[in-house]
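Biologist: I would like to learn how to read a few features of a protein model. Please give the general idea and then the case at hand.

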Amino acid sequence: MYRIGIDLGGTNIAVGVVDTRYRIISRCSVPTLAHRSADEVIADMGSAAETALQQAGLSIADCDSIGIGAPGTCDSARGVVVRAYNLNWFDVPVCRLLGKRFGIPVQLSNDANCAALGETLAGAAAGYRNMVLITLGTGVGGGIIIDGKIYAGMRSAGAELGHTLLVLDGEPCTCGRQGCWEAYASATALCRQALAAAKKDPSSALSRLRAQTITAKDVFDVADRGDSAACAVVDRYCAYVAAGLTNLVNALAPELILLGGGICRQGERILAPIREYVATHCFGQRQGAIPVIAAAQLGNDAGIIGAAALKAVF
Ligand SMILES: [Zn+2]
């Protein structure tokens, strides 16, 4: 039997047919076009699933279930996307609507939860029972796996790790609060920090980066060429990431923390200083319960594989 995993993003709908060994044997990706109604987007999710099945020479009769990873707050028990701002979805019963078309069970969880589950089943967290995945992208996403299962809390509203406090009365956050970890540790935040540093030090090569086009990779590239202002920004950024991770270590003592998102492609450039910070700042310092800290492995596939596995886990 096979399972279908759907990673519903603000930009793309990525569908994979996943086998019992958590391998994606066929896939289809279509643009979300999120300005449309939820019904239209859900119809395209179904069509993309059918395309992926056809490519594999399969039909829905070969599948046990469909799993969906969606952004925002997802109530897994009710199968409802409660609130996803980048889709403009509020209380959308996506599992019921997609289930009507295919007649097999449909499960739902938050996209970062699915990615954490995917990495645990088939990626960098294989063999670990307790882990946290942090995605450093436009925002800071979090997925918590406890004893091999997603931990999402009451009404699946938890694991919003990016919206834990780093600085009281700090930078404004997209959620309306000030000083969230996300407002310091996201890729967006890094770009903002770099532009602020460029203003202070116009001789820095950072001042050649433009607000409209700057990416996190640009900031790392300038730092790698030895620009001292850029190096200071990157060092401080790693400390922001690591300070939030230290909070997680003190709260949960996971065996493993994985970093995902585009920034994790910097590899040891960020992992080494982050490990050092956590080891010297967590409770008990070097004698404390220091987790393995590594980069996620599966990229966007983690969300598809984790979504496909939802039925097996719940
Ligand atoms: Zn926030």
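Biologist: How many aromatic pairs does the structure hold?

Modeller: This is a predicted model, and the structure holds 2 aromatic pairs. In general, a pair of aromatic rings is described by the distance of the centres and the angle of the planes. Tyr85 and Phe90 form an edge-to-face pair, with 5.8 Å centre to centre and 70° between the planes.

Biologist: Is Tyr85 buried or exposed?

Modeller: Tyr85 has a relative accessible area of 64%, so it is exposed.

Biologist: Why is the pair of Tyr184 and Tyr240 called tilted?

Modeller: The angle decides, because planes under 30 degrees apart count as stacked, over 60 as edge-to-face and the rest as tilted. The planes of Tyr184 and Tyr240 lie at 50°, so this pair is tilted; the ring centres are 5.0 Å apart.

Biologist: Which parts of the chain does the pair of Tyr184 and Tyr240 link?

Modeller: The pair links distant parts: Tyr184 belongs to helix 4 (residues 182–185) and Tyr240 to helix 7 (residues 228–252), 56 residues apart.

Biologist: Why do Tyr184 and Tyr240 count as buried?

Modeller: Buried means under 20% relative accessible area. Tyr184 has 7%, so it counts as buried. Tyr240 has 17%, so it is buried too.

Biologist: How many residues of helix 9 are buried?

Modeller: As a general point, an α-helix has 3.6 residues a turn, so residues three or four places apart point the same way. In helix 9 (residues 301–308), 7 of the 8 residues are buried, and the helix is mostly covered. Among the buried residues are Gly303, Ile304, Ile305 and Gly306.

Biologist: Now the strands. Why is strand 2 described as largely enclosed?

Modeller: In a regular strand the side chains alternate between the two faces of the sheet. Strand 2 (residues 12–18) has 6 of its 7 residues buried, so the rest of the structure largely encloses it.

Biologist: Which way do strand 1 and strand 2 run, parallel or antiparallel?

Modeller: Strand 1 (residues 2–8) and strand 2 run antiparallel and are joined by 6 bridges. One example is Ile4, whose bridge partner in strand 2 is Val17. A hairpin of 3 residues connects strand 1 to strand 2.

Biologist: How many bridges pair strand 2 and strand 3?

Modeller: Strand 2 pairs with strand 3 (residues 24–31) over 7 bridges, in the antiparallel sense. Ala14 stands opposite Ser29 of strand 3.

Biologist: Which residue takes a positive phi in the hairpin of strand 2 and strand 3?

Modeller: Tyr22 does, with phi near 60°; this hairpin has 5 residues between the strands.

Methods: Residues are numbered from 1 along each chain as its sequence is written. This is a predicted model: local features need pLDDT of at least 70, side-chain atom pairs count only at pLDDT 80 or more; totals for chains, interfaces and linings use all residues. Side-chain values use heavy atoms; hydrogens and water are left out. Rings of Phe, Tyr and Trp (its six-membered ring) pair if their centres lie within 6.5 Å; planes under 30 degrees apart count as stacked, over 60 as edge-to-face and the rest as tilted. Buried means under 20% relative accessible area, exposed over 50%, partly exposed in between (1.4 Å probe, protein chains only). Helices (H or I, at least four residues) and strands (E, at least two) are DSSP runs, numbered from the N terminus. Two strands pair if DSSP finds at least two bridges between them.
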